[in-house]
Amino acid sequence: MIPFPVLSVITWAPFVGAVLIMFLARHSPLAVRLIALLTTSISTVLSVFIFVVYDREAAGFQFYEKLPLVPPLGISYEVAVDGMSLLMVLLTSVIIFAGVFASWTVKSRSQEFYALLLALVTGVYGVFVSLDLFVFFLFYELAVLPMYLLIGIWGSSGEVRPRGIFGWAFRETGVGTKEYAAMKLTLYLLFGSAFILVGIFALYVTAGTGSFSFLELEATTFDPRVQFWVFLAFYVGFGILAGIWPLHTWSPDGHASAPTAVSMLHAGVLMKLGAYGVVRLGMGLLPDAAVELAWLVGGIACINVVYGALSAMAQTDLKYVIAYSSVSHMGLVMLGAATLTEAGLNGSVFQMFAHGVMTGLFFALVGLVYEKAHSRAIFTMGGFGRAMPGIATAFTVGGLSSLGLPATSGFVAEILTFMGAWRSAHPWWLVPAVAGTFLTAVYVLRVTKQIFWGPPSPHFDHLEDARGPEWLALVLLTGVIVVFGLVPALAIGPVDTATVPILTRMVKP
Amino acid sequence: MRVGSAAVALVVLGLPFASFLLLALVRPLRRSAVAAATVSITVMVAAVVAAFWLSWRARPLELLQSPSTTWSWIPADGGPMATVGVMVDGKSMAMCMLVTFVSLMVQLYSWAYLHDEPRRSLGRYYAYHSLFAFSMLGLVLAPTFLQMFVFWELVGLCSYLLIGYWYDRPSAARAAVKAFWITKLGDLGFVAGIVMLWAAAGTFDFWELFRLAHTNGLPPAGMPLIMFLIYLGAVGKSAQFPLHIWLPDAMEGPTPVSALIHAATMVTAGVFLVNRAFPLFMLVPDVLTLIAWVGAFTALLAATMACVENDIKRVLAYSTVSQLGYMMAAAGASAPDAGFAHLLTHGVFKALLFLGAGIVIHVFHTNDVFRMGGLGGQPWLWVPFVLATLALAGVPPLPGFFTKEAILGGVFEAHLTIPFVMLAVTAFLTAFYMFRVVFLAFFARGLGDSHAHHHVPPLMSGVCWTLAALSVATGVNLARQMLAGAHHEGAPAWLPAFSLGLAGAGIVLAWAMYRRGAIDPARVATVLAPLDWAARRGYGIDAVFAGLYRGALLGFSRVVGWVDRYVVDGLLNVFSAWTLRAGDRLRRLQTGLPQDYVYGVALGALILFVLAQWRMK
């Protein structure tokens with residue numbers, strides 16, 4: 001008897017949804033949404049299911065499926081999840097499920113919008129579950145490319161004044177428009193994937209086993225020089241997607257221009273693909289180089305944390321604040337990984353999840369505020385709390401998670417990262433990490449106070465709170481933040497079973 | 001037997017949490033003020049009963065070898081990385097009683113005090129109060145540093161939310177955020193300290209750590225820094241110099257909130273922390289000395305500011321800062337029990353002072369003591385307040401006298417002469433500024449006479465009388481113990497008389513200046529002009545922080561933001577502009593004229609031919 005291919009169903013259900021939407025729901029916006037909801041629900045329910053039934057005692061890769069595609073080249077469709085990818089699959093489900101509700105009000109061309117969104121999600125699931133590096137790469141590209149259209153067509157433009165000695169370049173490239181943002185994001189990420197592709201082929205060739213399978217490559221020990229260069233290629237390639245400094249500037253522009261659900265998905269999940277790639281391929285396959293280059297990964301991560309937070313503080317556009325906060329938090333993710341300690345790596349993976357949910361919530365809220373107030377200029381807003389108490393509450397919960405308040409998932413991630421940082425080879429990393437939480441508290445509470453507290457701003461009237469399906473997204477995301485903050489063992493349990501083997505391979509006896 | 005205590009402690013802890021969940025999740029309950037208050041207050045009554053029962057039944061046990069009961073919170077490969085649980089010992093039981101009892105009193109009082117509030121937002125108020133009671137109980141029951149930090153931050157959150165309860169007032173919004181930031185600044189040290197301690201000792205658990213401290217199992221080199229960082233958390237939370245600036249501003253919250261959070265319970269968390277971790281602090285005498293000095297200095301500094309403040313709530317806030325300084329100084333002088341006793345007695349009478357102040361604010365609709373007065377004929381209003389003032393000033397047989405004297409004795413014994421002098425001066429100033437408030441707010445002539453016989457809700461005065469009775473009872477009990485010879489040896493015999501003399505002198509001076517009129521306050525202010533000028537401005541400490549925030553932090557963030565946009569991203573745009581230009585230039589090769597292409601092909605062929613010839617040679 002063939003077991004039920006649960007991972008394939010999770011992965012391909014959204015894609016089937018996309019196809020159905022394109023062919024069957026020509027003039028029916030409601031049908032588009034219902035199909036999207038149905039297919040993402042299938043993925044969500046099943047990912048909760050595998051999260052629950054995953055055998056934590058046995059650990060390792062489970063729900064294994066394999067289907068040879070090109071046997072002479074050793075390419076096959078091979079999927080499975082371990083504790084780490086399990087959590088990432090759950091994160092993707094939570095975000096896309098909330099994202100479907102958050103984009104319920106997309107008006108123009110909703111058919112194409114949802115189809116692209118769902119195709120993209122299949123790519124994301126595929127990256128997390130693939131064990132075959134070739135297929136991994138295909139899914140990776142599938143996750144990146146639809147962004148171009150989603151931002152270019154449904155995005156919104158901002159305004160950036162050309163200044164400074166490079167001002168001429170700003171005028172020529174059209175900084176601030178959604179087309180610019182879409183092009184920048186896509187080109188930057190494709191530039192990164194060139195490095196990844198080179199890295200994957202280099203491993204394929206030097207391993208000489210004629211297989212792209214992660215499991216076979218994992219069993220191979222690579223020459224230290226090969227490891228060094230391939231790790232560097234992976235770090236740059238995936239790092240661009242993870243928003244490492246100074247290759248992060250696609251992220252604020254891209255996230256600020258993207259429509260709500262796309263920002264949610266991109267900042268919430270796609271940036272995690274980058275960090276996941278570094279941990280899974282970089283650290284998993286190249287343990288010696290990971291140890292050798294930890295100083296670089298961690299050092300840059302420290303810059304990310306502080307620099308991202310300070311940049312966020314300087315912004316006057318709400319969406320840019322959230323976008324820069326992602327840069328800062330991705331720094332914490334990378335920092336946790338670079339500590340090469342159990343606490344740090346668990347914190348890093350947990351931070352991927354915590355930050356994904358939190359930033360998804362933030363972008364959903366910014367979308368709602370924009371929809372009600374038609375503005376993203378923070379310093380014209382004020383006193384929104386009276387008219388939109390629900391949105392204000394959810395924003396506060398998100399903000400508290402962002403600044404690492406206990407009882408939210410952000411805290412668990414941060415404390416683990418701190419613990420790892422102090423136990424790592426570079427204890428000084430603790431200082432920027434801790435400073436980052438204070439800077440986050442400053443900018444998050446400052447923005448919250450400006451928008452929701454104080455006397456009502458005279459610039460706005462007829463504000464209203466979230467309604468109907470919008471509530472579902474907010475309740476789901478805030479609920480996940482609090483539940484995982486109170487009971488972190490839910491996630492840390494399986495994650496720990498996946499990170500400990502990676503670390504054991506790095507610390508050779 | 002021990003598990004039984006833990007179970008009761010969990011009930012104490014769980015009750016307010018259940019109430020918070022109910023109020024937060026069930027919207028109709030939250031929207032109805034009566035229902036929300038009923039739920040919250042009923043649950044609080046149950047929590048008080050449970051807390052007292054816990055204390056009563058645990059008494060004969062004399063606490064076995066380990067009072068902690070813990071469960072895994074963050075799992076890891078080789079056993080849990082962090083645990084949560086409850087630690088039932090004398091300190092946590094005493095704190096449980098204080099917290100639940102004062103919470104109950106304040107919640108009752110709030111019902112009358114906030115009667116004019118919009119009904120819909122009262123549910124939010126009671127939800128925050130329930131959350132606060134839960135968090136504070138979790139803090140005092142915490143068996144590990146990490147759990148303490150978790151609840152430490154949660155009480156900070158409640159403080160932030162309740163200071164900003166009237167969130168559409170700009171001053172309240174500002175004060176809430178300020179309180180959060182300033183305490184967070186101290187908490188950075190706290191979290192770094194416990195992480196470093198974890199790395200050194202491998203555990204967050206108090207009991208394990210105490211055992212290690214006892215057996216010299218902790219690395220001596222790192223300990224001073226670690227304990228100093230942990231102490232920083234207490235500096236922020238317990239408003240020690242220079243992080244005391246948030247507490248006076250926190251008075252923007254409703255008065256009952258100030259009574260509960262910013263006087264009786266949350267702000268004492270720092271003192272509690274130093275007490276709880278005292279076996280670890282004992283390893284680092286230098287840090288203890290620092291704690292004593294900072295505490296004594298804070299006490300004096302805040303007392304001078306209280307002398308020139310006209311806002312009754314801010315006077316009380318400075319007085320809280322000052323008394324927290326006392327408690328910290330006690331811990332620093334290795335007399336933590338004296339500080340802890342003062343924490344408990346202070347919790348009751350300071351809450352009473354705030355609630356009494358709430359009554360006069362309710363009567364006069366102002367916080368300015370110079371616009372009050374004429375309540376001398378209504379003893380049911382002023383007697384509790386005056387009793388609490390006497391307690392704070394340190395007049396026997398009220399409890400403040402005994403606990404304060406114990407602190408002075410402890411500091412004296414530790415040979416901390418200058419801190420002792422500072423605390424003695426503070427004792428004098430305390431009596432002075434508190435009676436200044438009493439004489440102005442209750443007994444000043446003329447101003448308040450027109451308001452004769454005000455209506456004060458009986459619930460409010462009832463709560464005040466209950467607290468006053470409790471305070472007097474505690475004092476009498478302490479007096480009995482002292483007469484029975486429990487007076488600790490070592491302290492000089494003249495100390496009780498000395499501290500009573502200080503209090504008396506302060507009261508007499510206040511009487512002479514603000515009641516009798518024998519000394520003109522304006523003349524005193526002129527004589528002490530520079531001090532008066534500086535104290536009224538909070539010695540410029542606020543201004544320094546504001547400058548650092550605006551200038552250094554926001555200014556620097558703008559620089560970073562600019563650099564990111566115009567340099568880091570600018571360079572990227574330069575590359576893309578060059579690419580675009582290069583494409584633009586190269587495009588001109590495509591002229592569209594067939595001749596040009598033929599020339600191109602011919603040229604290419606020629607080059608290839610020449611190359612081939614050259615290679616063949």
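Residues are numbered from 1 along each chain as its sequence is written, while chains are lettered from A and ligands numbered from 1 in the order in which they are written. Because the model is predicted, local features need pLDDT of at least 70 and side-chain atom pairs count only at pLDDT 80 or more, whereas totals for chains, interfaces and linings use all residues.

## Confidence

The predictor gives the complex an ipTM of 0.91 and a pTM of 0.91. Per-residue confidence is expressed as pLDDT, which runs from 0 to 100. Within chain A, helix H7 (residues 167-173) has the lowest confidence, with a mean of 80. Helix H14 (residues 294-314) of chain A has the highest, at 93.

## The two chains

The table sets out the chains. Helices (H or I, at least four residues) and strands (E, at least two) are DSSP runs, numbered from the N terminus. A residue is buried if 20 or more other C-beta atoms lie within 10 Å of its own, exposed if 12 or fewer, and partly exposed in between; C-beta atoms are placed from the backbone.

| Property | Chain A | Chain B |
|---|---|---|
| Secondary structure | chain A: 22 helices, 2 strands | chain B: 25 helices, 2 strands |
| Buried residues | chain A: 62% of 509 residues | chain B: 55% of 617 residues |
| Mean pLDDT | chain A: 89 | chain B: 87 |
| Residues with pLDDT of at least 70 | chain A: 99% | chain B: 96% |

Contacts here mean C-beta atoms, placed from the backbone, within 7 Å. In chain A, 81% of the contacts with a separation of 6 or more join residues 24 or more positions apart. For chain B, the share is 82% among contacts between residues at least 6 apart.

## The interface

Chain B places 49 residues in contact with 46 residues of chain A. On the chain B side, strand S1 (68-74) and helices H6 (145-163), H7 (170-201) and H24 (541-587) each give two or more residues. H24(B) supplies the largest share, 20 residues. By class, this side of chain B has 35 nonpolar, 7 polar and 7 charged residues. Ala, Val, Leu, Ile, Met, Phe, Trp, Tyr, Cys and Pro count as nonpolar, Asp, Glu, Lys and Arg as charged, and the others, Gly among them, as polar.

## A helix pair in chain A

Helices H4 (residues 110-129) and H5 (residues 133-144) of chain A have axes that come within 7 Å and cross at roughly 145 degrees. Axes are lines fitted to C-alpha atoms, for helices over the stretch in contact, and angles run from 0 to 180 degrees between N-to-C directions. The crossing of H4(A) and H5(A) is left-handed, meaning that the near helix is turned anticlockwise from the far one by less than a right angle. Among the contact residues are A:Leu120 and A:Val124 of H4(A), and A:Phe136 and A:Phe139 of H5(A). The contact has 9 nonpolar, 3 polar and no charged residues.

## A buried tyrosine

A:Tyr320 lies in helix H15 (residues 318-338) of chain A. A:Tyr320 is buried because 23 other C-beta atoms lie within 10 Å. Leaving aside residues up to four places away in sequence, A:Tyr320 touches A:Pro252, A:Ala256 and A:Gln315.

Definitions and conventions:
Contact = placed C-beta atoms within 7 Å. pLDDT = per-residue confidence, 0-100.
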